Amino acid sequence: MDTQQILINLAAILAGAAPLIFATMGETITERSGVVNLSLDGKMLLAAMTGFAVGVHTQNVLLGFVAAAGVGMLVALVLCFVSLGLRLSQTAVGFVLALLCTDLSSFLGNPYVRIPGVAVPAQPIPVLQDLPILGQVLFQHNLLIYASFLLVPLVWWFLFRTRAGLTLRALGERPTTAYARGVPVLPLQLLYVLLGGALVGIAGAAYTLDLKQGWSYRHIAGTGWIALAIVIFGGWNPWRVAFGCYLFGALQLFATRSQSLIPNVPTQIFQVAPFALMILILVLVNAGSNPTLQRWIEQLPAPLSQPVQHVLARLNTAAPAALGQPFRRP
Amino acid sequence: MDVQIRNLTKTFGSLRANDAISLSFAAGNIHGILGENGAGKSTLMKLLAGFLQRDSGEVLLDGQPARLHTPAAALAAGVGMVHQDPMDIPAFSALENFFCASPRRALPSLAVARQRLIQLNQQLGFTVAPDQPLARLTVGQRQQLEIMRLLACGVKVLILDEPTTGITAAQKTALFAALRRLTAQGETVLFVSHKLDEVAELCQTVSILRNGRVVGPQLAMPQPQAELIKLMFGQEGAPAPPRPTTAPPTPASATPVWQLNQITVREGALTVSNLTLSLPRGCVVGLCGLDGSGQQVLLRLLAGRLRPERGQLLLHGVDVTRAPYRAFRAAGIEYLPADRMHDGVIGALTLTEHLLLTRKPHGLIINRADACTQAETAIAAYNIKATPDTPLASLSGGNQQRAMLALLSAECTGLLFDQPTRGLDVVSARAIWQRLLHRRTEGTAIVFASADFDELLDYSDLLLVFFGGQVSHLLPCATMTATRLAELIGGVGFAEVAARDG
């Protein structure tokens with residue numbers, strides 16, 4: 001593989017992971033505020049279909065994205081009503097919504113299967129695109145991809161460097177404390193779940209209007225579920241979560257490329273392999289929190305066990321303490 | 001800021017936690033609120049802080065009616081509360097906790113917050129470093145942080161709920177000095193406690209609650225202690241401590257409940273090694289030492305929750321060194337951990353349901369009526385303030401502890417108790433001990449860990465002193481004094497009593 005090929009691959013990985021970035025950042029915000037939104041995959045599908053349909057009818061990409069974000073927020077609103085308002089299980093509601101939205105997208109999206117639609121236009125950035133190496137990898141994409149680059153530091157900055165972000169994290173850690181300090185817990189949780197829903201909606205449309213243009217049944221092929229896993233194993237930290245997204249993008253690209261190199265292996269293996277590999281990597285990264293493994297590492301000779309423990313402790317991050325627990329006013 | 005409370009009422013189900021309470025607190029003073037556990041002190045304070053919503057009545061601040069329906073409203077009106085279990089966020093640093101959800105005009109930026117925190121630390125003689133993770137702070141420091149946070153938010157009425165539970169003597173001195181300084185600046189401090197001496201030392205007035213009612217409105221201090229006790233506990237006053245009679249003579253031939261032969265046991269960084277010990281029937285053994293010196297390790301070993309690395313453990317003469325926890329339970333060993341809510345009881349379940357869980361099941365179907373009767377019997381026998389259908393989480397500390405005692409099986413032969421009366425008032429504590437001593441006369445061996453010297457000296461037959469994982473031999477309690485015990489715990493002269501390696 002020559003340098004040119006490597007650069008093309010890198011650019012493809014960065015672009016291909018963009019929808020995952022939107023979805024995982026949305027879910028990170030939602031879960032940091034203490035709410036689990038398991039409907040992610042279904043929501044992405046429904047938003048992807050809606051965005052595509054609106055794009056087809058209006059011939060306007062932007063309106064497609066707005067509609068997708070709207071659908072994401074609508075589904076999030078249902079979750080909020082049932083889980084925050086009526087205090088029913090977030091897990092159960094999320095699952096049911098995921099199934100419902102998946103089937104709705106197939107049913108309502110029937111007229112749009114395999115018809116041409118609109119797409120996000122490529123928009124290389126003048127001057128920067130001519131930079132050696134970086135220009136080709138970073139600056140020859142479209143606005144959606146650039147936005148995904150900016151979203152990660154933005155979410156990190158919001159969560160860890162702003163007053164509102166601190167309050168948001170407090171909601172996920174101990175809502176009763178936030179309440180005792182005068183924070184309006186439920187309205188804020190509603191806000192952040194809706195914001196997360198909008199980002200997940202955009203993620204769905206990013207497939208149908210850009211990276212996998214067009215619409216078909218189960219168009220995103222379970223990517224929403226992997227996004228959920230990446231958020232958890234990424235420790236709810238935007239940088240680590242983003243790293244997980246790009247890693248998954250790389251695995252998928254690698255699988256596609258290998259397919260043509262080794263033609264006598266069934267194609268299904270290459271389609272599934274990235275998912276299995278991703279789970280394996282995520283488990284390894286988070287192995288440090290397993291008590292059995294910790295005991296096992298403790299028994300290693302000291303010069304070996306200490307650095308291993310140190311690395312695992314750095315990798316290990318705790319979930320928001322009140323994740324998934326509905327807040328009840330005392 | 002003057003605080004006036006008029007006819008404040010709050011009920012939980014059928015329980016009237018606060019019944020038409022009327023009190024008034026003048027600005028610039030420290031006001032004590034006394035009462036035994038479950039008297040309604042915390043509820044009243046939470047109503048003032050907007051944390052709970054009142055059923056009826058009103059509160060006037062400086063003569064103006066105030067709507068304290070949420071903590072936000074209370075804070076805006078200048079009322080702030082430091083809860084008994086500090087309301088902070090363990091995952092954050094001290095500074096983040098200080099800054100979190102503070103009003104923008106008080107602390108416009110994190111940099112300002114840092115300065116303000118350092119400044120308040122100096123001003124009040126507190127010791128909270130801004131960048132410490134909260135998990136590394138002691139309970140006392142977390143409380144200091146909460147006080148500083150509320151002051152930074154501009155609170156004019158500062159409520160402290162049992163602030164001296166779980167803090168060191170030095171922190172208590174610093175706290176009291178800081179509170180006096182604050183009242184000199186015009187703050188109103190409401191100091192909730194069940195400890196008479198602290199209220200006498202600190203407060204200008206004291207109000208006494210009993211069973212949700214005011215029985216002594218803002219009495220000027222000093223008051224004779226006997227009078228206060230009478231008001232707190234009713235006409236009969238507090239009962240005398242049920243001092244144990246001398247230990248019933250155990251025949252030398254009788255097998256001890258626990259027999260430890262050269263046991264080495266490890267938990268985390270703490271190792272207790274080479275321990276040889278026998279704990280007889282009908283005997284109360286007190287475990288003392290600084291927190292985390294090995295008392296809990298021994299308790300968990302005796303309970304079967306922790307396996308020894310070396311050595312042999314006999315229970316009623318049977319080798320149980322490698323036996324599972326349920327073998328210990330079957331042999332009549334009961335373990336009551338210190339953190340009741342965390343691993344003692346299941347908060348959402350009722351007393352009836354707890355009884356159903358602990359008793360041997362008869363068949364597959366629950367006999368609810370029978371269990372309910374049992375619960376009613378337990379409630380009457382242990383004087384628990386609850387109905388059979390009250391979730392345990394909504395009981396007061398003393399009532400939870402009594403409920404846990406009621407759950408112990410009658411055939412219990414060995415009882416392990418970590419901090420049996422922590423956070424309980426005198427009367428609740430004595431009631432608990434009356435029950436325990438009753439069990440002891442029936443032949444149960446009781447082993448308990450405590451940080452309270454009086455409790456250790458009043459109720460133990462034998463004492464074991466722990467010092468950094470080292471253990472003394474069994475010391476007879478009758479010849480022990482508080483001074484000597486304090487020395488031993490600190491390691492002074494510990495070598496003389498240390499158990500010889502076998």
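Predicted model: local features only at pLDDT ≥ 70, side-chain atom pairs only at ≥ 80, totals over all residues.
The domain assignment places domain 1 of chain B at residues 3-233 and domain 2 at 258-497.

**Where the domains touch**

- On the side of domain 1 of chain B, seven residues are in contact with domain 2 of chain B, where 11 residues take part.
- Those residues of domain 1 of chain B comprise two nonpolar, four polar and one charged.

**The sheet**

- Strands of a sheet pair through backbone hydrogen bonds, and the pairing can be parallel or antiparallel.
- In chain B, four strands make an open sheet with the order β2-β1-β4-β5, and their pairing is antiparallel.
- β2 (15-25) and β5 (64-66) of chain B each have a single partner strand, so they stand at the edges and one side of each is left without a neighbour in the sheet.
- From one strand to the next, the twist averages 30 degrees.

- Strand β1 of chain B covers residues 3-12 and is joined to β2(B) by seven bridges, the two strands running antiparallel.
- B:Gln4 has B:Ser24 in β2(B) as its bridge partner.
- Helix α1 of chain B, residues 41-48, packs on the sheet and touches β1, β2 and β4 (56-61) of chain B.
- The direction of helix α1 of chain B makes about 65 degrees with that of β2(B).

Key. Residues numbered from 1 in each chain as written. Chains lettered and ligands numbered in written order. Pairing = 2+ DSSP bridges. Axes fitted to C-alpha atoms, helices over the stretch in contact; angles between N-to-C directions. Contact = placed C-beta atoms within 7 Å. Domains from an automatic or database assignment. Nonpolar A, V, L, I, M, F, W, Y, C, P; charged D, E, K, R; others polar.
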